[in-house]
Amino acid sequence: MIGECDNAKDGYHKILTNPIDLLLLDIEMPGMSGIELVKSLGQKQPIMIFTTAKRDYAVEAFDLRVVDFIVKPVSPARFLQSIEKAKEILETKKNKVSELSDEFIFIRDSNTVRRLKLNEILFLEAMGDYVKIAVHEKIYSIHSSLKSVEDKLPNHIFLRVHRSYIINVSKIDTIEGGTLIIDKNLVPVSDAFRAALNKRVQIL
């Protein structure tokens with residue numbers, strides 16, 4: 001369990017900085033509703049189950065591709081039914097992860113559209129209006145924002161560790177204080193993303 005939050009603002013930060021498989025979310029919360037929170041996540045949505053005391057939100061909730069919608073009070077049987085549904089979807093996603101070596105993206109490199117395998121990418125770095133994509137002994141630059149690129153990358157492979165850097169977690173060689181070494185490249189880790197990194201690397 002990653003954690004529990006009392007409001008949508010704290011929940012939003014935790015979702016962005018931690019790998020989350022399943023999110024149980026109330027709709028009526030102070031400051032921002034659960035529905036507004038989900039809409040703000042873009043492509044970074046985990047598997048979601050909504051809970052609420054009102055049935056009126058059901059249509060809008062299912063339009064957001066939630067797994068289930070539970071009306072309070074929640075019985076143990078109804079809760080377990082919802083969790084089982086989420087587990088089936090999660091298992092399907094995990095099976096897709098095993099196909100990592102075949103996953104790829106297309107980038108525009110000068111006048112050429114080039115295919116890059118995701119497992120060959122070391123890290124991505126924001127540089128003004130461009131994003132630098134580093135592979136072994138090669139750098140590609142594309143005209144885009146880092147946020148736009150991040151939304152298109154699978155979060156089971158990549159992790160933001162700094163406002164200017166996204167890394168392929170499997171390519172980390174060493175961690176030294178606030179710096180990662182990836183294929184002899186130094187990548188900074190900001191304090192805001194350090195906890196998420198520690199959870200992903202599973203240090204023994």
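## Overall picture

Of the 204 residues of the protein chain, 39% count as buried, a class that means under 20% relative accessible area, with exposed set at over 50% and partly exposed in between (1.4 Å probe, protein chains only). This is a predicted model, in which local features need pLDDT of at least 70 and side-chain atom pairs count only at pLDDT 80 or more, while totals for chains, interfaces and linings use all residues. Residues are numbered from 1 along each chain as its sequence is written, and side-chain values use heavy atoms, with hydrogens and water left out.

The protein chain holds six helices and 13 strands, taken as DSSP runs numbered from the N terminus (helices H or I of at least four residues, strands E of at least two). Its C-alpha trace spans about 55 × 40 × 35 Å along the principal axes. Among the contacts in the protein chain with a separation of 6 or more, 41% are accounted for by residues 24 or more positions apart, where contact means heavy atoms within 4.5 Å.

## Aromatic pairs

A pair of aromatic rings is described by the distance of the centres and the angle of the planes. A search of the whole structure finds two aromatic pairs, under the rule that rings of Phe, Tyr and Trp (its six-membered ring) pair if their centres lie within 6.5 Å, with planes under 30 degrees apart counted as stacked, over 60 as edge-to-face and the rest as tilted. Phe104 and Phe106 form an edge-to-face pair, with 5.5 Å from centre to centre and 85° between the planes. Phe104 counts as partly exposed at 38% relative accessibility, whereas Phe106 counts as exposed at 55%. The charged end of Arg115 also sits over the ring of Phe104, 5.0 Å from its centre; for this description, NZ of Lys or CZ of Arg has to be within 6 Å of the ring centre and within 35 degrees of the ring normal.

The rings of Phe123 and Tyr165 form a tilted pair, because their centres are 6.2 Å apart and their planes stand at 45°. Phe123 lies in strand 6 (residues 121-127) and Tyr165 in strand 10 (residues 165-168), so this pair ties together parts that are 42 residues apart in sequence. Phe123 is buried, at 4% relative accessibility, and Tyr165 is buried as well, with a relative accessible area of 12%.

## Buried strand residues

Leu122 is placed in strand 6 and, at 6% relative accessibility, counts as buried. Leaving aside neighbours within four places in sequence, Leu122 is in contact with residues including Ala134, Val135, His136, Ile167 and Asp183. The C-alpha atoms of Leu122 and Ile172 are 8.3 Å apart in space, although the two residues are 50 residues apart in sequence.

His162 belongs to strand 9 (residues 158-162) and is buried, with a relative accessible area of 18%. When residues up to four places away in sequence are not counted, His162 touches Pro188, Ser190 and Phe193.

## The second largest pocket

About 570 Å³ of space lies in the second largest pocket, a volume being the space filled by probe spheres set on grid points that are joined across faces, edges and corners. A pocket here is an open set of points on a 1 Å grid over the protein atoms alone, where a 1.4 Å probe fits, with protein on both sides within 12 Å along at least five of seven lines, and lining residues have an atom within 4 Å of a point.

The lining of the second largest pocket consists of 20 residues, of which Gly3, Glu4, Leu22, Leu23 and Leu24 lie nearest its centre. Helix 1 (8-17) and strand 1 (22-26) are the elements that give two or more residues to this lining, and the largest share, five residues, comes from strand 1. By class, the lining has 13 nonpolar, three polar and four charged residues, with Ala, Val, Leu, Ile, Met, Phe, Trp, Tyr, Cys and Pro counted as nonpolar, Asp, Glu, Lys and Arg as charged, and the others, Gly among them, as polar.

## Backbone features in loops

Most residues other than glycine have a negative phi, and most peptide bonds are trans. The peptide bond from Lys72 to Pro73 is cis, with omega near -5°, and Pro73 is placed in the loop between strand 3 (68-71) and helix 4 (76-97).

Glu137, which is not a glycine, has a positive phi of about 60°; Glu137 is found in the loop between strand 7 (130-135) and strand 8 (138-143) and is exposed, with a relative accessible area of 71%. Asp183 has a positive phi near 50° and is found in the loop between strand 12 (179-182) and strand 13 (185-188), where Asp183 is partly exposed, with a relative accessible area of 27%.
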